[in-house]
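Biologist: I'd like to learn how to read a model like this one, feature by feature. Can you walk me through it?

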Amino acid sequence: MLRKEFPWARFYTLRSPVQFDDLGDVLEEIWASHSPRRRDDGRGSAAQSGGEAIIGESSAMQSVRTLIERVAPSQATVLITGESGTGKEVVVRQIHRLSGRKGAFVAINCGAIPEHLLESELFGHERGAFTGAVNRRIGRFELAMGGTIFLDEIGDMPMPMQVKLLRVLQERMIERVGGTVSIPVDVRVVAATHRDLPEHVANGSFREDLYYRLSVFPIEIPPLRERPEDIAPLVREMTERVYRRYGVELSITPEAMSALENYSWPGNARELANLIERLAVLRPDGRVDQDTLPWPLRPAARPLATNEQELPAGEALTATLPAGGLDLKEYLAELEREMIRSALERADGVVQQAADELGVRRTTLVEKINRHKLRSNG
Amino acid sequence: MTSSLLFMIVDDTVDRAENLKELIEFMDVPQVRVALPENWRSRIGDSRLAAVFLSDDLDGDRLRRLIADVGEHDPNVPIVLVNHAERHA
């Protein structure tokens, strides 16, 4: 009802009493929907993709640096691909910095903006274009005039918007929603996605012509697990950053560094940055050894270990779906409950210690303990 | 000095708003303020709004007026509707 009445508004809903997880999801989406410039103002950049410089000594990252230097001064549209957390935005900012373009760097997360708002966000709207459009509004393309627009998560752009974006890339003109005038735009376009766009083209969810327009100059950032030699330099850079921020000088033992290098980092450099920041907060003495690391990073980490049946160290997690199927939600909830119970037992009921073991915040664990009706001494 | 991002909770039940503020601050959000529907704009100060939390049990007209006000201030600001419907059902 309200959405219809206020089509310009970006609504989120929370049910009372508010749960930590729900609130966390909403806050994440809100942060993501703000441009990077705004996000930096609010919470710093330590948790973002590994800093401003392109860090890494692997041949893969040296190639990425070479490609950036080569493409930056040109006008070519660039498509950056890579898993979440690999630092795509850092690459885009570097391209903008080296481009010599005087205009602004403007970012938009195409996956975080509701479909009905995306056109207005990108191209702006005229006063009265729709109910609630009380003023003329300039879109991101115009804000990036003479600079660079970063279309993040382009793979999540709805099909109708893909058509409109294609036209802009072809004609270099935009039209505000509700407007009648075509406005020429001098904007460098860089897009990024963690999705497999050729696959999306093949299954019809992404336009082939737009894909070819965007991928004039493709840059692929390999996941961190494929370049473990980059972990030590990344850790060095990140520890310097947390020292500047928190005044904590982290000292990582060779064994702990080895554990970091042997971990698969599904969240890539962002996950590593988050861990370093968490260690700086939790370990004011700065010493980081193997036992300090959260559970999945310890060499002897045992996925799904229980009292009755412990898996050998390092053995991969396997699970068999019962013939009759299962209720996945209930199964995962039970698994979570058992993990929390084990962590609390091991920590003698000290919630902070159990939270460290589980790699979650204390407040998150308290909420989960309440939800699962588990009791603790801490 | 760069103005920082502000999360604003607008509600006329102050205790309820303060509880939500505490939860949001637990999530490492640095700047959260509580305001009454009548004075929320004056509470923004030099900050930039990151989001506005509104209780959906404000009576219809007040809620709509608040949403329109937020849009007038900045239509890009996300609006989080906190649903208290079950409590009143």
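Predicted model: local features only at pLDDT ≥ 70, side-chain atom pairs only at ≥ 80, totals over all residues.

Biologist: How much of chain A is buried?

Modeller: Of its 378 residues, 31% are buried. The chain has 16 helices and 12 strands. If you take the contacts in chain A with a separation of 6 or more, 74% are between residues 24 or more positions apart.

Biologist: Now strands. What should I look for in the side chains?

Modeller: The general idea is that in a regular strand the side chains alternate between the two faces of the sheet. Take strand E6 of chain A, residues 148–152: Thr148(A), Phe150(A) and Asp152(A) point one way, Ile149(A) and Leu151(A) point the other way, and all are buried.

Biologist: Why is E6(A) described as largely enclosed by the rest of the structure?

Modeller: Because 5 of its 5 residues are buried.

Biologist: And which strands pair with E6(A)?

Modeller: In general, strands of a sheet pair through backbone hydrogen bonds, either parallel or antiparallel. Here, strand E3 of chain A (residues 105–109) runs parallel to E6(A), joined by 5 bridges. Within that pair, Ala107(A) has Phe150(A) as its bridge partner. Strand E9 of chain A (residues 188–193) also pairs with E6(A) in the parallel sense, over 4 bridges, and there Ile149(A) is partnered by Val189(A).

Biologist: On to helix packing. How do H15(A) and H16(A) lie relative to each other?

Modeller: For this you need a cut-off: crossing angles of 65 to 115 degrees count as roughly perpendicular. The axes of H15(A) (residues 351–358) and H16(A) (residues 362–371) cross at roughly 100° and come within 9 Å. The two helices are therefore roughly perpendicular to each other. From H15(A), Val351(A), Gln352(A), Ala354(A), Ala355(A) and Leu358(A) meet Arg362(A), Leu365(A) and Val366(A) of H16(A). Sorted by class, that contact has 6 nonpolar, 1 polar and 1 charged residues.

Biologist: What about H14(A) against H15(A)?

Modeller: Those two pack at about 125°, with axes 8 Å apart. That angle makes H14(A) oblique to H15(A), and the crossing is right-handed. On the H14(A) side you have Met339(A), Ile340(A), Ala343(A), Leu344(A) and Arg346(A), facing Ala354(A), Glu357(A) and Leu358(A) of H15(A). This contact has 6 nonpolar, no polar and 2 charged residues.

Biologist: Which residues of H15(A) are buried, and what covers them?

Modeller: Ala354(A), Ala355(A), Asp356(A), Glu357(A) and Leu358(A) are buried. Their cover includes helix H13 (268–282), helix H14 (328–346) and H16 of chain A. Just after H15(A), look at Gly359(A), which takes a positive phi of about 70°.

Biologist: Finally, the interface. How many residues does each chain bring?

Modeller: Chain A brings 27 residues and chain B brings 24. On the chain A side, strand E1 (11–15), helix H2 (20–33) and helix H3 (36–43) each give two or more, with H2(A) giving the most, 6 residues. By class, the chain A side splits into 13 nonpolar, 8 polar and 6 charged.

Biologist: Where does E1(A) pair with chain B?

Modeller: E1(A) pairs in the parallel sense with strand E4 of chain B (residues 79–83), over 5 bridges. Leu14(A), for instance, has Val82(B) as its bridge partner.

Conventions: Residues numbered from 1 in each chain as written. Chains lettered and ligands numbered in written order. Buried ≥ 20, exposed ≤ 12 C-beta atoms within 10 Å, placed from the backbone. Contact = placed C-beta atoms within 7 Å. Axes fitted to C-alpha atoms, helices over the stretch in contact; angles between N-to-C directions. Parallel < 35°, antiparallel > 145°, perpendicular 65-115°, else oblique. Nonpolar A, V, L, I, M, F, W, Y, C, P; charged D, E, K, R; others polar. Pairing = 2+ DSSP bridges. Left-handed = near helix turned anticlockwise from the far one by under 90°.
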